[in-house]
Amino acid sequence: QLQLVESGGGLVQPGGSLRISCAVSGVTLEDYTIGWFRQAPGKEREGVACINPSDSSTYYLASVQDRFAISGDNAKNTVYLEMNSLKPEDTGVYYCAADARYGPSYYYCSGPVREEWDYWGQGTQVTVSS
């Protein structure tokens, strides 16, 4: 059974950096696309970044394109989201998700099927505030 466990969230000042992790168990990482999603209070969940660990192809939400980096460590079955130049609007609960059907593109990560991923973690809180 595939399980996803996020970690590394916390409080960071504007302009700061944070790396969050998604540990994947029960499956081989390379068989799934992994996505990072976030939900701010009162807002819909949005796709932030996705990666296909088998070829390292990625997708990013436009507002994080030059600040965030998603990467995968197949040996550790873990996907990371490195977040730099953080802004208060980056605040939210960050979830990782996995699906073997999807690829790292706008359609699957930020588009109409972003809520239809098969597996979700419990989320980790990221707060950007001074």
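Modeller: Let's start with arginine 45, whose charged end sits over the ring of tryptophan 120, 3.8 Å from the ring centre. To count as sitting over a ring, NZ of Lys or CZ of Arg must be within 6 Å of the ring centre and within 35 degrees of the ring normal. Please keep in mind that this is a predicted model, where local features need pLDDT of at least 70 and side-chain atom pairs count only at pLDDT 80 or more, while totals for chains, interfaces and linings use all residues. Residues are numbered from 1 along each chain as its sequence is written, and side-chain values use heavy atoms, leaving out hydrogens and water.

From tryptophan 120 we can move on to the aromatic pairs. Rings of Phe, Tyr and Trp (its six-membered ring) pair if their centres lie within 6.5 Å, and the planes make a pair stacked when under 30 degrees apart, edge-to-face when over 60 and tilted for the rest. That rule gives a count of six aromatic pairs. In one of them, the ring centres of phenylalanine 37 and tryptophan 120 are 4.9 Å apart with their planes at 55°, so this pair is tilted. Since phenylalanine 37 belongs to strand 4 (residues 33–39) and tryptophan 120 to strand 10 (residues 119–120), the pair ties together parts that are 83 residues apart in sequence. Strands here are DSSP runs (E, at least two residues), as are helices (H or I, at least four), and both are numbered from the N terminus.

How covered are the two partners? Phenylalanine 37 is buried, with a relative accessible area of 0%; buried means under 20%, exposed over 50% and partly exposed in between, using a 1.4 Å probe and protein chains only. Tryptophan 120, at 25%, is partly exposed. Tyrosine 102 and tyrosine 108 make another aromatic pair, this one stacked, with 4.5 Å from centre to centre and 15° between the planes. Tyrosine 102 counts as buried at 10% relative accessibility, while tyrosine 108 counts as partly exposed at 25%. These residues come together in a cluster, where ring pairs link Phe37, Tyr102, Tyr107, Tyr108, Trp117 and Trp120.

Strand 4 is mostly covered, with six of its seven residues buried. Seven bridges pair it with strand 9 in the antiparallel sense; for strands to pair, DSSP has to find at least two bridges between them. Arginine 38 has tyrosine 94 of strand 9 as its bridge partner. Strand 4 also pairs with strand 5, again in the antiparallel sense, over five bridges. These two strands form a hairpin with six residues between them, and in the turn glycine 42 has a positive phi of about 80°.

Where does the pairing with strand 5 take us next? A disulfide is here a pair of cysteine sulfur atoms within 2.5 Å. Cysteine 50 is joined in this way to cysteine 109, with 2.2 Å from S to S. Because cysteine 50 lies in strand 5 (residues 46–52) and cysteine 109 in helix 1 (residues 106–109), this pair ties together parts that are 59 residues apart in sequence. Both cysteine 50 and cysteine 109 are buried.

The whole structure holds two disulfides. The other joins cysteine 22 to cysteine 96, at 2.1 Å from S to S, and its 70° about the S-S bond makes the link right-handed. This pair also links distant parts of the chain, with cysteine 22 in strand 3 (residues 18–25) and cysteine 96 in strand 9 (residues 92–99), 74 residues apart. Cysteine 22 is buried, at a relative accessible area of 0%, and cysteine 96 is buried at 0% too. Counting bonded cysteines along the chain, the disulfide pattern reads 1-3, 2-4.

Six bridges join strand 3 to strand 8 (residues 78–83), and the two run antiparallel. They belong to an open sheet of four strands in the order 1-3-8-7, with antiparallel pairing. Strand 1 (3–7) and strand 7 (68–73) are its edge strands, each pairing on one side only.
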